[in-house]
Amino acid sequence: MTQQTTSWLRQTFIGVASVAFITGCSTLPGGGEHQDTQQSTGTAAVEFDALYQQGKYNARGVGPTRWLADGSGYTVLERADDGGHHIVRYHPQTQQRTVLVNAEDLRPDNNSDPLKVADYSWSDDGNKLLIFTNTKRSWRTHTLGDYWVFDLSTKKLQQLGGNAEASTLQFAKFDPQATRVAYVINNNIYVENLSSSRITQLTKDGSDTIVNGTFDWVNEEEFFLRDGFRWSPDGSSIAYWQLDTEGTPLFTMINNTDELYPTLKQFPYPKVGETNAAMRIGVMPAQGGDTTWMKVPGDPRQNYLVRMQWAGNSSQLLIQQLTRSQAVNTAFLANAKTGSVQQLLQEVTESWAEYVDDLQFIDNGTSFTWLSERSGFRHIYVVQRDTGRLSTVTRGNWDVIEVLQINEKDGWVYFIASPETPLERYLFRASLDGSGKLERLTPDQPGTHSYQLSADAKYAVHTFSNVETMPIVDMITLPEHKSIRVIKTNDDAQNAFDKLKRGAFEFFQVEAQDGLKLDGYLMKPADFDPSKEYPIVYYVYGEPWGQTVANSWGGERFLFHTYLTQQGYLVASVDNRGTRSPRGFEWRRSIYKNLGVVTVRDQHDALQAMLDRWDFIDEDRVGIWGHSGGGSQTLNALFRYPDAYHAGMALAPVPDLTLYDTIYQERYSGLLPEAADSYRETSAITHAENLQGDLLLVHGTGDDNVHFQGSERLVNELIKHGKQFDYFAYPNRTHGISEGEGTTLHLRTMMVEFLKQNLPAN
């Protein structure tokens with residue numbers, strides 16, 4: 001259920017780094033009660049054809065962007081006249097443009113079109129380029145494809161994989177010397193020598209159930225584990241994951257439309273309480289040979305090996321293991337030659353612990369960086385590898401959101417945080433020595449900022465947006481945050497958006513029944529009259545993997561909501577407790593075993609507080625909608641508070657939480673059988689008999705994430721209780737309900753017609 005920047009420079013970039021020792025945390029920009037944006041003076045209507053067919057308001061980014069290791073600049077893809085791509089380097093300071101690889105160089109032969117580059121990576125010395133093309137989906141992401149190597153010195157283009165079938169290679173990457181490339185084909189790992197094209201198959205037991213160097217569906221989806229092997233720093237060994245999915249129940253999906261007779265697709269999918277794949281990690285010689293398995297303790301089906309990396313050398317691994325309940329994360333140091341392990345540290349909670357990304361070894365491998373919530377907020381620490389002793393790098397009543405880079409040479413760690421408001425994102429750096437020195441590098445420009453830093457952290461590709469400004473990308477210097485060059489603008493789309501007729505947009509806060517402040521936003525009709533009453537439509541997600549209230553560009557959903565305001569609706573969203581907001585450990589963990597209960601209670605509390613505050617909200621015309629986890633919350637709102645919500649649109653929901661996968665649902669809802677009563681109470685289907693309002697239920701029959709099965713069970717329950725509702729199944733659409741020509745336009749049109757019929761605005 002995981003959710004899945006031109007006018008930025010209208011404001012002057014302020015080239016001043018503010019230095020602060022930060023404590024406390026207000027929850028709105030500027031710490032105030034609310035914040036209004038300027039009401040639009042535009043007159044244009046949002047037209048669905050322009051939005052969904054013509055792409056008139058599409059904001060586009062830059063990518064993939066890569067910094068070169070030698071600091072000579074960053075590279076981007078630029079489309080060539082023949083449909084291929086040039087790979088172009090820009091000098092970070094002078095912005096001198098140099099075409100490193102011409103699209104013409106990427107023709108496999110004279111009669112072929114240039115390769116269409118989906119992604120690329122450079123060798124450490126910058127002399128070779130690895131190109132990913134002709135991609136297709138493995139599970140939910142495009143990890144299968146063809147790989148080619150281009151040698152800049154010889155202009156030689158070389159396809160990898162020998163006689164392998166098209167689009168069957170995964171995760172190809174250079175060894176540290178750039179003389180070999182390792183990759184996965186059909187669940188086995190191979191190494192190819194670039195000079196001789198000799199291919200060595202390292203693992204030979206890969207099958208439908210034995211998975212080497214990659215992962216099954218659930219680990220890809222929930223732990224973002226896709227690339228399952230790592231070259232050692234000296235190139236002598238490869239460490240890799242192996243999964244055994246034997247015993248994991250198979251889920252079967254039916255395709256009724258593509259063939260004369262139905263076709264079936266089966267794949268391992270462990271639902272709550274079912275058997276997980278067994279996981280283990282091994283190390284083998286890169287030239288071939290036996291695997292040494294790491295002797296991590298615990299039942300391999302009752303623990304998850306969530307992260308693995310070389311421990312600052314070529315002789316040891318650092319492995320993170322989560323228990324099945326995910327309440328404990330243990331870091332082990334493993335000997336690559338013997339497989340012996342020693343425990344370094346643990347994160348222990350009564351709910352769930354977080355694994356750590358962006359971990360880096362420093363001080364010649366004697367220590368490494370770590371993220372922990374042990375203080376009540378997520379902060380950066382340095383761990384001594386011999387003792388496991390932690391020293392604090394950042395501190396305060398605020399969260400580190402993401403670590404971007406650790407620059408040991410200059411003694412800084414660069415990260416994203418927003419101590420004053422959870423609605424925004426800014427760049428900070430802190431001293432690695434634990435002195436507490438902290439600098440905010442982003443200027444005072446309210447909104448959401450993201451960065452791709454150069455290796456020396458002296459430059460960054462910087463992206464900015466806010467609720468009224470589409471993303472803009474520019475090159476900046478650090479720490480001054482001075483803009484050198486605008487890389488990408490969205491002027492045409494921004495100008496089209498600026499012409500739209502829009503009412504005021506407001507951030508606000510309300511209190512839940514226990515006094516906890518909740519952040520929200522409210523969008524008003526363009527011709528708003530405070531003396532009138534308006535229907536209101538709430539957009540909800542409400543689960544731990546999303547934050548709906550943020551000062552950032554909202555894309556298609558924001559434009560859809562703008563369309564609703566033009567039809568006379570108020571549109572609002574509130575982040576209940578438990579959402580992925582940087583408000584501390586207690587905020588995020590407060591919904592443990594209470595999804596669908598506390599989460600929707602907060603939503604209802606917010607509605608009541610808004611009705612008390614604003615007379616222009618019609619309490620008899622309240623709607624709510626959401627997708628995925630938001631679809632589940634929509635059902636719970638309708639079923640638990642039937643007098644408060646009069647219409648709801650639930651897209652791809654999970655009506656019965658036991659139908660979702662082990663990793664996600666057990667993390668937030670607990671293990672069976674002890675949590676059986678909690679699962680029953682928190683599942684929407686348990687309360688379906690209370691439906692009074694109007695319901696639109698939508699699901700894709702090809703949803704391999706949140707299965708159509710759940711909506712079918714809900715349909716049966718509603719029928720049993722004599723409840724009438726609207727129901728639409730999109731054949732073979734997956735979780736996003738977006739595949740197929742006209743699908744998104746059809747879905748949004750259906751939603752609008754449902755609202756107009758059941759929650760009229762006039």
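1. Let's start with T562. Leaving aside neighbours within four places in sequence, T562 is in contact with V46, K501, R502 and M523. Keep in mind as you look at these residues that the model is predicted.

2. Is T562 buried or exposed? Its relative accessible area comes out at 1%, so T562 counts as buried, the cut-off for that being under 20%. As for where it belongs, T562 is part of helix α4.

3. That brings us to α4 as a whole. This helix covers residues 555-566 and packs with helix α11, residues 743-758. The angle between the two is about 30°, and their axes lie 12 Å apart. If you're checking the handedness on screen, α4 passes α11 in a right-handed crossing.

4. Which residues make the contact between α4 and α11? From α4 you have E556, F560, Y563 and L564, and these meet R748, M751, V752, L755 and K756 of α11. By type, the residues of this contact split into six nonpolar and three charged, with no polar ones.

5. Now for something else: the sheet. Four strands form an open sheet in the order β3-β4-β5-β6, and the pairing is antiparallel. At the edges sit β3 (66-67) and β6 (97-101), each of which pairs on one side only.

6. β5 (residues 85-90) runs antiparallel to β6, and four bridges join the two. To find your place there, look for R89, which stands opposite T98 in β6.

Note on methods
Residues are numbered from 1 along each chain as its sequence is written. This is a predicted model: local features need pLDDT of at least 70, side-chain atom pairs count only at pLDDT 80 or more; totals for chains, interfaces and linings use all residues. Side-chain values use heavy atoms; hydrogens and water are left out. Axes are lines fitted to C-alpha atoms, for helices over the stretch in contact, and angles run from 0 to 180 degrees between N-to-C directions. A crossing is left-handed if the near helix is turned anticlockwise from the far one by less than a right angle, and right-handed if clockwise. Contact means heavy atoms within 4.5 Å. Ala, Val, Leu, Ile, Met, Phe, Trp, Tyr, Cys and Pro count as nonpolar, Asp, Glu, Lys and Arg as charged, and the others, Gly among them, as polar. Two strands pair if DSSP finds at least two bridges between them. Buried means under 20% relative accessible area, exposed over 50%, partly exposed in between (1.4 Å probe, protein chains only).
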